[in-house]
Each structure stands twice: as C-alpha cells, then as structure tokens.
Amino acid sequence: MAVSAALAAALAVPVLAQSTSSQMKGLELSNDQPIQIESDKLEIKDADSLAMFTGNVKVVQGTTTLQAGSMVVYYKKGGGSIQGGNADIDRIEVNDKVFLQSGTQQATADSGSFNMTQQTLVLKGKEVVLSEGKNVFTGCQLNVQMNTGEAQLQACGGRVKIQLDPKSQQN
C-alpha cells in the first residue's frame, strides 16, 4: 500500500454526545496516484525497516495533504524499500501539530497513527478538531476504519462538541 493510503480526514455528525459515530466521506484509499513527501531531514534505517521524516513534513497525494512535525514510516521486513518506492507499509506515526486535509474536509490533532494492516486511523490530542466548511466537530480522539469509512469521535471524559451551519445542508 502507498504511504498516503492512510491519509484521511472528515466527519459529518449531527449529534452532541460523549462519543459519536458516522461515515467519513472524505476518506479515500488511493494507491494509483503519485506521492510527494517533503521534510527537513530523512533518515532511512533499513535494518529496522523504518524511515524517519523530521521537520516540516508535508505529504501530498491527489487532493489529500498531511502536515506534521515528524513522521515515522514502519514497513514490513522483506516488503520492499522506501528508496525503491515499493515498501509494504505496516504503519505510520505522525506527531507535532498534525494537519490533515482531504478535499473540503480538515482535521487537526497532536498525533496520529495509521495502521495499514488493520486499515485504521487514530488521531489524538487535547483537542482534535474536524471541519468541513463552517461545520466544526471537536473531541480528543478520532478512530476511523479506512476500508469502510466508519468513524467515531470520542470526548475522553468530556463531551463531543459540534457547530453546524444550517446553510451547509442546502447544497
């Protein structure tokens, strides 16, 4: 799977609760588009099957963009290489002001984890904010099943907060 197959974000949930579930329409698994990765530094550790991108990391594929302070890509042993562009990715960890945008949908968090084997995405932080236009959803942890788009936003002891713009439903 491509590195960016794990990139995703968006939630459209019209309820107020301690946790809520919905489909994430902006989630797309895309293995056929080119990936552009930029960072201040890249360190590849083939013996450990990982690549570490640090400093102003930016990953772009199609309409999806991921930005973070750091990103570690763990690939399966014997599953290709990062340099060859054919690594069999196991998981991706991102940290330090994570920003994820897919089409019109955006998410911010402190950290994120993309498990390619289980096809799950988890964004965590003191405040995980999801938005699409003027619709804003706030919690502390977002769990997404990438193959189905099923998503759950948790409040972690508080409450999930949403702000909906009625005009967004008219389109």
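**Figure 1. Serine 49 in the loop between strands E3 and E4.** Serine 49 belongs to the loop that connects strand E3 (41–45) with E4; strands (E, at least two residues) and helices (H or I, at least four) are DSSP runs, numbered from the N terminus. The model is predicted, so that local features need pLDDT of at least 70 and side-chain atom pairs count only at pLDDT 80 or more, while totals for chains, interfaces and linings use all residues. Residues are numbered from 1 along each chain as its sequence is written, and side-chain values use heavy atoms, with hydrogens and water left out. Serine 49 has a phi near 55°, a positive value in a residue other than glycine. Most residues other than glycine have a negative phi. With a relative accessible area of 6%, serine 49 is buried (buried: under 20% relative accessible area; exposed: over 50%; partly exposed: in between; 1.4 Å probe, protein chains only).

Figure 2. E3 and E4 run antiparallel and are joined by five bridges; two strands pair if DSSP finds at least two bridges between them. Across this pairing, leucine 42 faces phenylalanine 53 of E4 as its opposite residue. Four residues lie between the strands of the hairpin, in which serine 49 takes the positive phi. Alanine 47 lies in the loop between E3 and E4. Alanine 47 is exposed, at a relative accessible area of 68%, whereas serine 49 is buried. Alanine 47 and lysine 77 are separated by 30 residues in sequence, and their C-alpha atoms are 8.7 Å apart in space.

**Figure 3. Threonine 64 at E5 and the side chain of serine 102.** Threonine 64 is part of strand E5, which covers residues 64–75. The relative accessible area of threonine 64 is 9%, so this residue counts as buried. Its side chain makes a polar contact of 3.3 Å with the side chain of serine 102. Such a contact is a pair of N or O atoms within 3.5 Å; within protein, one atom must be able to donate a hydrogen and the other to accept it, and residues adjacent in sequence count only if both atoms are side-chain atoms.

**Figure 4. Arginine 91 over the ring of tyrosine 74.** The charged end of arginine 91 is positioned over the tyrosine 74 ring, 3.7 Å from the ring centre. A charge sits over a ring if NZ of Lys or CZ of Arg is within 6 Å of the ring centre and within 35 degrees of the ring normal.

**Figure 5. Aspartate 96 within strand E6.** Aspartate 96 is located in strand E6. Its phi is near 70°, a positive value in a residue other than glycine. Aspartate 96 is partly exposed, as its relative accessible area is 48%.

Figure 6. Nine of the eleven residues of strand E9 (residues 135–145) are buried. Strand E8 (residues 120–132) runs antiparallel to E9 and is joined to E9 by ten bridges. In this pairing, leucine 130 is opposite phenylalanine 137 of E9. The hairpin of E8 and E9 has two residues between the strands, and glycine 133 takes a positive phi near 60° there. E9 also pairs with strand E11 (residues 161–163), in the antiparallel sense over three bridges; here phenylalanine 137 stands opposite isoleucine 162. The pairing of E9 with strand E10 (residues 150–154) is likewise antiparallel and has five bridges, with asparagine 143 opposite glutamine 152. Four residues separate the strands in the hairpin of E9 and E10, where glycine 149 takes a positive phi near 80°.

**Figure 7. The largest nonpolar core.** This core has 30 residues, of which Leu66, Met71, Ile92, Val94, Leu121, Leu123 and Leu142 touch the most other members. At least two core residues come from each of strand E4 (50–61), E5, strand E6 (89–102), strand E7 (105–115), E8, E9 and E10. A nonpolar core is a set of buried Ala, Val, Leu, Ile, Met, Phe, Trp, Tyr and Cys residues joined through side-chain atoms within 4.5 Å.

**Figure 8. The setting of the close-up views in the protein.** The protein contains eleven strands and zero helices. Buried residues account for 43% of its 171 residues. Of the contacts (heavy atoms within 4.5 Å) between residues at least 6 apart in sequence, 47% join residues at least 24 apart.
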